[in-house]
Amino acid sequence: MTPHPSHDTAATQDHPADDHSSHGYITAKDDYLKRLRRIEGQARGLQRMVEEEKYCIDILTQVSAMTKALQAVAMGLLEDHISHCVVDAAVAGGPEADAKIKEATDAIARLVRS
C-alpha cells in the first residue's frame with residue numbers, strides 16, 4: 001500500500017466505541033505521520049514565502065503542491081477506510097454496514113467538494 005495521509009479536522013467525528021487498533025490506516029500510521037509532517041513543513045514554507053513577499057505565481061505553485069499532497073493523503077485514508085472498515089461492516093451486515101457506507105459516501109462527497 002502506498003501511504004497517503006490526510007485529516008479533515010472540520011468534518012472529524014469521534015467514534016468512542018471504535019477500537020483504535022482496528023482502523024484501516026493503523027498499519028501505515030508512521031507513513032501517514034511522515035507525510036503529514038512534510039505537509040506541515042510546506043505550510044510553514046508558504047507562510048515564509050508570503051512574509052518574504054515572493055512572486056505570486058511561485059506561492060500559487062507551492063499551494064498547488066500542498067493541495068495535491070493533502071489530496072493524496074485523503075485518498076489513501078479513504079482507500080484504507082473502505083478496504084478495512086467498510087468491508088468489515090458490510091460482511092457483518094445490519095445497521096452498522098449501512099452506517100459505514102453512509103459515512104464513506106459522505107466523506108467522498110466532502111472530498112469532491114474540496
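Tutor: Helix 1 passes helix 2 in a left-handed crossing. This is a predicted model, and every value below is computed from it. Helix 1 covers residues 29-51, and helix 2 covers residues 56-92. Their axes come within 10 Å and cross at roughly 160°. Angles over 145 degrees count as roughly antiparallel, so helix 1 and helix 2 are roughly antiparallel to each other.

The next place to look is the connection. E53 lies in the loop between helix 1 and helix 2. The backbone of E53 has a positive phi of about 55°, although E53 is not a glycine. Is E53 buried or exposed? The relative accessible area of E53 is 70%. Exposed means over 50%, so E53 is exposed.

Two more residues belong in this picture. The side chains of E52 and K54 meet in a salt bridge, with 3.7 Å from N to O. E52 has a relative accessible area of 49% and is partly exposed. K54 is partly exposed as well, with a value of 42%. The cut-offs matter here: under 20% is buried and over 50% is exposed, with partly exposed in between. E52, at 49%, therefore counts as partly exposed, while E53, at 70%, counts as exposed.

Now the surface. Y55, I57 and L60 make a nonpolar surface patch of about 340 Å². Of these, I57 is found in helix 2. A residue needs over 30% relative accessible area to belong to a patch. I57 is at 46%, which makes I57 partly exposed.

Y25 is found in the segment before helix 1. Y25 and H84 are 59 residues apart in sequence, but 8.6 Å apart in space, C-alpha to C-alpha. Y25 is partly exposed, with a relative accessible area of 32%.

The remaining element is helix 3, residues 94-113. Two salt bridges can be compared there. E103 forms one with K100, and the closest N and O atoms are 3.7 Å apart. D106 forms another with K102, and the closest N and O atoms are 3.0 Å apart. What spacing along the helix goes with each pair? E103 and K100 are 3 residues apart in helix 3, so about one helical turn separates them. D106 and K102 are 4 residues apart in helix 3, and are also separated by about one helical turn.

The partners differ in how much of them is covered. K100 has 11% relative accessibility, and because buried means under 20%, K100 counts as buried. E103, at 23%, is partly exposed. D106 counts as partly exposed at 30%.

Finally, the whole protein. The count comes to 4 salt bridges, among them E52 with K54. The protein has 3 helices and 0 strands, and from the N terminus on the elements run α-α-α. Of the 114 residues, 26% count as buried, and K100 is one of the buried residues. The part you asked about is thus a roughly antiparallel pair, helix 1 and helix 2, with E53 in the loop between them.

Methods: Residues are numbered from 1 along each chain as its sequence is written. This is a predicted model: local features need pLDDT of at least 70, side-chain atom pairs count only at pLDDT 80 or more; totals for chains, interfaces and linings use all residues. Side-chain values use heavy atoms; hydrogens and water are left out. Patches are made of residues with over 30% relative accessible area and no salt bridge: like charges are joined within 9 Å, nonpolar side chains (Val, Leu, Ile, Met, Phe, Trp, Tyr) within 5 Å. Accessible areas come from the Shrake-Rupley method with a 1.4 Å probe; for residues, only the protein chains shown count as cover. Helices (H or I, at least four residues) and strands (E, at least two) are DSSP runs, numbered from the N terminus. Buried means under 20% relative accessible area, exposed over 50%, partly exposed in between (1.4 Å probe, protein chains only). Axes are lines fitted to C-alpha atoms, for helices over the stretch in contact, and angles run from 0 to 180 degrees between N-to-C directions. Angles under 35 degrees count as roughly parallel, over 145 as roughly antiparallel, 65 to 115 as roughly perpendicular and the rest as oblique. A crossing is left-handed if the near helix is turned anticlockwise from the far one by less than a right angle, and right-handed if clockwise.
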